[in-house]
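Welcome! Please take a moment to look over the sequence and the model, and then we can walk through a few of its features together.

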Amino acid sequence: MRWWPHTAVLLLALGQSGRTCATGFSITYENVPADAQSAVAHAADIWSGIVISNVPIKVKVSWVPLFGSALGLTLPNGRRDFAGAPEPLTWYATALANSITGTELDPGEDDFDVFLDATADWYTGTDGMPGSGQFDLVSIVLHEFGHGLGFVGLSKKDGAIGSLGTLQASDFAPLTTSFPWPQLDTLPSIFDRYLDQQQNGPFTLMDNPGTQLGSVMTSGQVYFNGPIAMADNGGVAPRIYAPSTFALGSSCVHLNESTYPNGDPNELMTPFSDPGHADHWPGPICIAMLQDIGWTIAPDVGIHGTAPLAAATIYPDPATEVVHLATPTPMVAPRIRVIDLGGREVVAARSGMETDVASLSAGTYVLELRSEGRSVHVPFIKR
Ligand SMILES: [Zn+2]
């Protein structure tokens, strides 16, 4: 096969607050058309404003015919028991391990490989407006990069036997990774450590390999019990995709499709995508799960992109007397204030979800909601 290696480095700064907290991506392309490269770069740009790492994230993106109806597949490189690893005997996606240690643990290797289906009808624009039969490439790459950053488990089921950490390179043939396949040593990933089945408890307390693990993996009752994800999800563990027939690469590594359908703010990390539909934000649950597994998230992440605006809404808009803010999940100790378009505070911060705007002159303002060190900014009109 002929291929044209090309490396692009993206280093983007978030302008809103003057902080430089963006993460650099170094992407190597193999056979990826130029317009598709733009879509990949756009997805990397979105992630660069969400996760914080001072070690550039190295990604290889290949354009290949994929099996069946697969649109993309990601194989992350991994590290375990590195100096400073939060959990022993646990795999971390290398991009995450690098960010935790602040050092490059895999010099000369890619952090993850992304394979994109060369035969799909792709929409490569970055405006989220695919045609009715087209798959939005930015959305798919955003999803795949989520796996590369560590939204990934090592579940496998052979017959009745389930296991964590027995995956082999041959499980993904004919695809091959650009880095040496790690010997997984029957160990879980940090993502797997949060998988929990309500009746039987955490995956990691079960025999591995074992039949109990096998049955819970296809029980339809798998949840992610990370504390931040649960707090973001109204105190309930987000539901993980675990259909009655095990699907390697889909089962136990995604949010549940029917719980987070198209249009839900958390739809990005579900296993299926519909054509004619775009989603350019990972959603609050995914971001919280990444925090649970060890990622540092940009403090003003709510500002970046438009999707958080779908999660936090204002009413009424336009407003005359009082503005109310609504979020799909309860917030801890919310504080809101109003700033003008020049960033000047016009209504001082107060606690609660509503604020008096009667004294403001007519115009456009921004309502800032802060909770647990994170914030969102929602514009509204004062009449
Ligand atoms: Zn996926």
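Which residue in β15 is the bridge partner of glutamine 197? The partner is valine 222. Please keep in mind that this is a predicted model.

Strand β13 covers residues 195–197 and strand β15 covers residues 222–224, and the two pair in the antiparallel sense over 3 bridges. They belong to an open sheet of 4 strands, arranged in the order β14-β13-β15-β16 with antiparallel pairing. At the edges of this sheet are β14 (201–202) and β16 (239–240), each of which pairs on one side only.

Next, let us turn to the aromatic rings. The model holds 9 aromatic pairs.

Another pair brings together tyrosine 241 and phenylalanine 272. Here the ring centres are 6.0 Å apart and the planes stand at 90°, so the pair is edge-to-face. These two residues are 31 residues apart, and each is placed in the loop between β16 and α6 (284–293), yet the pair still links distant parts of the chain. Tyrosine 241 counts as buried at 13% relative accessibility, whereas phenylalanine 272 is partly exposed at 48%.

Ring pairs also build a cluster, which links Phe151, Phe191, Tyr194 and Phe224.

| Residue | Relative accessible area | State |
|---|---|---|
| Tyrosine 241 | 13% | buried |
| Phenylalanine 272 | 48% | partly exposed |

Finally, have a look at threonine 355. Where does threonine 355 sit? Its place is in strand β22, residues 354–356. Is threonine 355 buried or exposed? With a relative accessible area of 2%, threonine 355 is buried, because buried means under 20%. Leaving aside neighbours within four places in sequence, threonine 355 is in contact with Glu321, Val322, Val323, Ile336, Val338, Val347, Arg350 and Leu367.

Terms used: Residues numbered from 1 in each chain as written. Predicted model: local features only at pLDDT ≥ 70, side-chain atom pairs only at ≥ 80, totals over all residues. Heavy atoms only, no water. Pairing = 2+ DSSP bridges. Phe/Tyr/Trp six-rings, centres within 6.5 Å; stacked < 30°, edge-to-face > 60°. Buried < 20%, exposed > 50% of the residue type's maximum accessible area, 1.4 Å probe, protein only. Contact = heavy atoms within 4.5 Å.
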